[in-house]
Amino acid sequence: MSKKKVAFICVHNSCRSQIAEALGKHLASDVFESYSAGTETKPQINQDADMEKTQYSKLISDIPAPDIAISMGCNVGCPFIGRAFDDNWGLEDPTGSEDQVFVEIIREIEKRILQLKQSLI
C-alpha cells in the first residue's frame, strides 16, 4: 500500500509549512510523505525556519495532489487550494519573533506531526 501524501499549506510557504515538511520527513517518513506549499512564494525561506538546505518555497501546483491537506493557520483567510482542508492547525506565524517563539512553534508542529503519524498507523 502506498503512503499517504500530506501537504502542509500556508500562504507564503516560507516558515511554518517548511518546518512541518522537514519534521514530517524526519519523524514520519515511514508512515506518510510530507510536502509543503503556498498560494504565493517567497524568494527565500525564513532563515530562522530553514531546516533543510534543499527546501524552497513552492506553489500548491508544484507538489503532488495530497491525500491530506493541513492548513498551518490563517490569520486573515485560508488560501484556496481547490478543496477543503482536512485540518487547520491554527498556528501563529513566528516570523519576526524571538527565538523562543520559534522554538514553541517547532515543538507544537513536532507534537502534531507525531499525532498525525499515530492516527495513520
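I started at I109, which touches R16, I19, A20, L23, M72, W89 and L91, leaving out residues up to four places away in sequence; contact here means heavy atoms within 4.5 Å.

A note on the ground rules: this is a predicted model, where local features need pLDDT of at least 70, side-chain atom pairs count only at pLDDT 80 or more, and totals for chains, interfaces and linings use all residues. Residues are numbered from 1 along each chain as its sequence is written, and side-chain values use heavy atoms, with hydrogens and water left out.

Next I looked up the cores. A nonpolar core is a set of buried Ala, Val, Leu, Ile, Met, Phe, Trp, Tyr and Cys residues joined through side-chain atoms within 4.5 Å, and buried means under 20% relative accessible area (1.4 Å probe, protein chains only). The largest has 21 residues, and F8, F32, M72, W89, I109 and I113 have the most contacts inside it. Strand 1 (4-9), helix 1 (16-28), strand 3 (68-71) and helix 2 (99-120) each supply at least two of its residues. I numbered these elements from the N terminus as DSSP runs (helices H or I, at least four residues; strands E, at least two). Another core, of seven residues, lies apart from it and includes A7, A37, A69 and I81.

Then I checked the helix pair. In helix 1, residues including I19, L23 and L27 meet residues of helix 2, among them I109 and I113.

My last stop was N13, in the loop between strand 1 and helix 1. Its phi is near 50°, a positive value in a residue other than glycine. Most residues other than glycine have a negative phi. N13 is buried, with a relative accessible area of 0%.

Terms used. Buried means under 20% relative accessible area, exposed over 50%, partly exposed in between (1.4 Å probe, protein chains only).
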